[in-house]
Amino acid sequence: MTSGSEVVHGYPHLETVRAAITALYKRLSPDGIRTYAPSVAPVDVAFADVDDLHLGAQRVARTMVQHLRLPDARMIVSFREMQHAAGVELAAGPEYFIDLNDRFRTHRNDIGAALAHEVMHVLLHRLDLTFPGTRDNEILTDTATTYLGAGWLLLDAFREDEVSRQKLGYLTPEEFGYVLAKRAEVFGEDPSIWFTSPQAYTAYRKGLTQAGNDHLEPPLTAAGWSGRRRYAKDRRYAADHRGWSPPGSAYAFEGGPSDLRVSFPCPTCFQRIRLPCRGRVRARCTLCRTVLECDT
């Protein structure tokens, strides 16, 4: 939880975010991913000042349990002084104990965001899905929370003005916006209508642009003229220099003149796709089943 300190912006964790999306598709399958529609509705996590703090927190926790399809899990929520926003005790279940920072006693609108992240820890624990290291594992948790329909709350908790700053989660605001945009591509949602924070809306629009760029990379036919020209030049060079791939590019070449192939990330799930360099072709990602128009 960032409160008062400088908020990091941009896309410093983008590689790990994309790896997390790939891991979700591998563990849940495309059909499993689509069971997490629609997203958590704002009305289901609304928290009025007149609501009892503990009963309200338990109600929101049940909403997260139901949305994330953990019907046999019971969340016991309490509040205490702590450095982080929240924490959960990952035991065998079915009861899990979640501690929320005392700050949420007076910032009730953000309780849903904190609980979404902690309940996702429980789901990932049960799925036995983890990344090595605390940093990458927390990025996986933020990404999964957002991609599976509860993370818009984490972005909406972001506020930044001249006198105060607040951000929940490990992703930057723009990275939250990016993952929300990737989800929107699959589910046809517009999460921007749920934001109460103007800064969250701005971050989502930036993430939406970044996500759209994934569909404009060669060898996809939607790539612009300059990208297609660069790709053609790289392909000719790779054909004469076996094993060479352009540094810094998403695509890479394999083989030589007679068997040249190109690999590139699927813009939906980021699983790498390998195709022979033979011109225009329609390819289907074997992981997420997205059909792609390519010119290899």
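Does threonine 141 count as buried or exposed? Threonine 141 counts as buried, because its relative accessibility is 0% (buried is under 20% relative accessible area, exposed over 50%, partly exposed in between, with a 1.4 Å probe and protein chains only). The model is predicted: local features need pLDDT of at least 70, side-chain atom pairs count only at pLDDT 80 or more, and totals for chains, interfaces and linings use all residues. Residues are numbered from 1 along each chain as its sequence is written, and side-chain values use heavy atoms, with hydrogens and water left out.

Apart from neighbours within four places in sequence, the residues in contact with threonine 141 are His117, Met120, His121 and Leu124 (contact means heavy atoms within 4.5 Å). The threonine 141 side chain also lies 2.9 Å from the backbone oxygen of asparagine 137. Between threonine 141 and phenylalanine 131 there are 9.5 Å from C-alpha to C-alpha, at a separation of 10 residues in sequence.

**View B. Packing of helix H1 against helix H4.**
Helix H1 (residues 14-33) packs on helix H4 (residues 134-147) at about 45 degrees, and their axes are 9 Å apart (axes are lines fitted to C-alpha atoms over the stretch in contact, and angles run from 0 to 180 degrees between N-to-C directions). H1 is therefore oblique to H4 (angles under 35 degrees count as roughly parallel, over 145 as roughly antiparallel, 65 to 115 as roughly perpendicular, the rest as oblique). H1 and H4 cross in a right-handed sense (the near helix is turned clockwise from the far one by less than a right angle). H1 brings Thr16, Val17, Ala20, Ile21, Leu24, Tyr25 and Ile33 to the contact, and H4 brings Arg135, Asp136, Ile139, Leu140, Thr143, Ala144 and Tyr147. By class, the residues in the contact of H1 with H4 are 10 nonpolar, two polar and two charged (Ala, Val, Leu, Ile, Met, Phe, Trp, Tyr, Cys and Pro count as nonpolar, Asp, Glu, Lys and Arg as charged, the others, Gly among them, as polar).

**View C. Isoleucine 21 on helix H1.**
Isoleucine 21 sits in helix H1 and is buried, because its relative accessible area is 0%. With residues up to four places away in sequence not counted, isoleucine 21 touches Thr143, Tyr147, Lys182, Thr268, Cys269 and Phe270. From isoleucine 21 to tyrosine 147 is 126 residues in sequence but 7.7 Å in space, C-alpha to C-alpha.

**View D. Lysine 182 on helix H6.**
Lysine 182 belongs to helix H6 and is buried, with 1% relative accessible area. Its side chain makes a polar contact of 3.1 Å with the side chain of aspartate 214 (a pair of N or O atoms within 3.5 Å; within protein, one must be able to donate a hydrogen and the other to accept it, and residues adjacent in sequence count only if both atoms are side-chain atoms). The lysine 182 side chain also reaches the backbone oxygen of proline 267, at 2.7 Å. Leaving out residues up to four places away in sequence, lysine 182 touches Ile21, Tyr147, Ala211, Asp214, His215, Pro267 and Phe270.

**View E. Crossing of helices H6 and H7.**
The axes of helix H6 (residues 173-187) and helix H7 (residues 198-213) come within 7 Å, with a crossing angle of roughly 60 degrees. At that angle H6 is oblique to H7. The H6 and H7 crossing is right-handed. On H6 the contact involves Pro173, Glu174, Gly177, Tyr178, Leu180, Ala181, Lys182, Ala184 and Glu185, and on H7 it involves Ala203, Tyr204, Lys206, Gly207, Leu208, Gln210 and Ala211. This contact of H6 with H7 holds nine nonpolar, three polar and four charged residues.

**View F. Helix H2 against helix H3, with glycine 112.**
Helix H2 (residues 53-67) and H3 have axes 9 Å apart and pack at about 45 degrees, and are therefore oblique to each other. H2 crosses H3 in a right-handed sense. Leu53, Ala57, Val60, Ala61, Met64 and Val65 of H2 meet Ile111, Gly112, Leu115, Ala116 and Val119 of H3. In the contact of H2 with H3 there are 10 nonpolar residues, one polar and no charged. Glycine 112 lies in helix H3 (residues 111-127) and counts as buried at 3% relative accessibility. Excluding neighbours within four places in sequence, glycine 112 is in contact with Val60, Met64 and Leu153. Glycine 112 and valine 77 lie 12 Å apart, C-alpha to C-alpha, and 35 residues apart in sequence.

Definitions and conventions. Helix = DSSP H or I, 4+ residues; strand = E, 2+ residues; numbered from the N terminus.
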